[in-house]
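Thanks for coming. I will go through one model this morning, starting with the sheet and then moving to the side chains and the pocket.

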Amino acid sequence: MKKILVVDDQEINIEILSQVFSKEYTVLTATNGEEALEIIQKEKLNICAVLLDIVMPKMDGIAVLQKIKEMKLLRFIPVIMITGDRNPAVEQKMLADGASEFISKPFSPHIVYHRVQNVIDLYQYKTQLERMLMQQTKKVEQQAKKLEQINGKLLDTLGNIVE
């Protein structure tokens, strides 16, 4: 089953988000940034999205986002920042640092579900397109090698005819 990581120091938010996503996903939870990074390290290939609170003890969401970026996982795992801070500069910074989406508290569970699902769908679609592009690139490279071989044989044959 697909997994979502919810990182928040407020138990009520973890409970709400767990209920929202538990029908379709296995919900992993962490109450601080250090726990979150441990889970990400273990489950990085299975996580569809990280819902990350900004203000937390030990390591805040900004530091966690930076670590995920350093681990080069933002290309594969969307990070959705969740915060009560409605400052547009904070939102702009998080998005510039690689966050895929920004959700303000208090949030509507229905809206969070759809926004997160849209981000996950986009990431999966992007990954699928990248795979298809890689397959097509390999096919083109194989065709180019065949053409080189044919051209080489053609040049040899023409050289033999000229002699």
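The sheet here is open and has 5 strands in the order S2-S1-S3-S4-S5, with parallel pairing. This is a predicted model, where local features need pLDDT of at least 70 and side-chain atom pairs count only at pLDDT 80 or more, while totals for chains, interfaces and linings use all residues. Residues are numbered from 1 along each chain as its sequence is written, and side-chain values use heavy atoms, with hydrogens and water left out.

On terms: strands (E, at least two residues) and helices (H or I, at least four) are DSSP runs numbered from the N terminus. Two strands pair if DSSP finds at least two bridges between them.

S3 and S4 pair in the parallel sense over 4 bridges, and Val 50 has Val 79 in S4 as its bridge partner.

Now the salt bridges. The rule is a side-chain nitrogen of Lys or Arg within 4 Å of a carboxyl oxygen of Asp or Glu, and the count comes to 6. One of them joins Glu 43 and Lys 3, at 2.8 Å from N to O. Glu 43 lies in helix H2 (residues 33-43) and Lys 3 in strand S1 (residues 3-7), so this pair ties together parts 40 residues apart in sequence. Both Glu 43 and Lys 3 are buried; buried means under 20% relative accessible area, exposed over 50%, and partly exposed in between, with a 1.4 Å probe and protein chains only.

Asp 53 forms a salt bridge with Lys 105, with the closest N and O atoms 3.2 Å apart. Asp 53 is in strand S3 and Lys 105 in the loop between strand S5 (101-104) and H5, 52 residues apart. Both are buried, and together with Asp 8 they are linked in a network of salt bridges.

Lys 105 comes up again in the backbone, where a cis peptide bond joins Lys 105 and Pro 106, with omega about -10 degrees. Lys 58 has a positive phi, near 65 degrees, and sits in the loop between S3 and H3. Lys 72, in the loop between H3 and S4, also has a positive phi, about 60 degrees. In general, most residues other than glycine have a negative phi, and most peptide bonds are trans. Lys 58 is exposed at 66% relative accessibility, and Lys 72 is exposed at 65%.

Last, the pocket. What lines the largest pocket? There are 14 lining residues, and Leu 45, Ile 47, Phe 76, Ile 77 and Thr 127 lie nearest its centre. Strand S3 (47-53) and helix H5 (109-162) are the elements giving two or more residues to this lining. The largest share, 5 residues, comes from H5.

Conventions. On a 1 Å grid over the protein atoms alone, a cavity is a set of points where a 1.4 Å probe fits but cannot get out, and a pocket is an open set with protein on both sides within 12 Å along at least five of seven lines; lining residues have an atom within 4 Å of a point.
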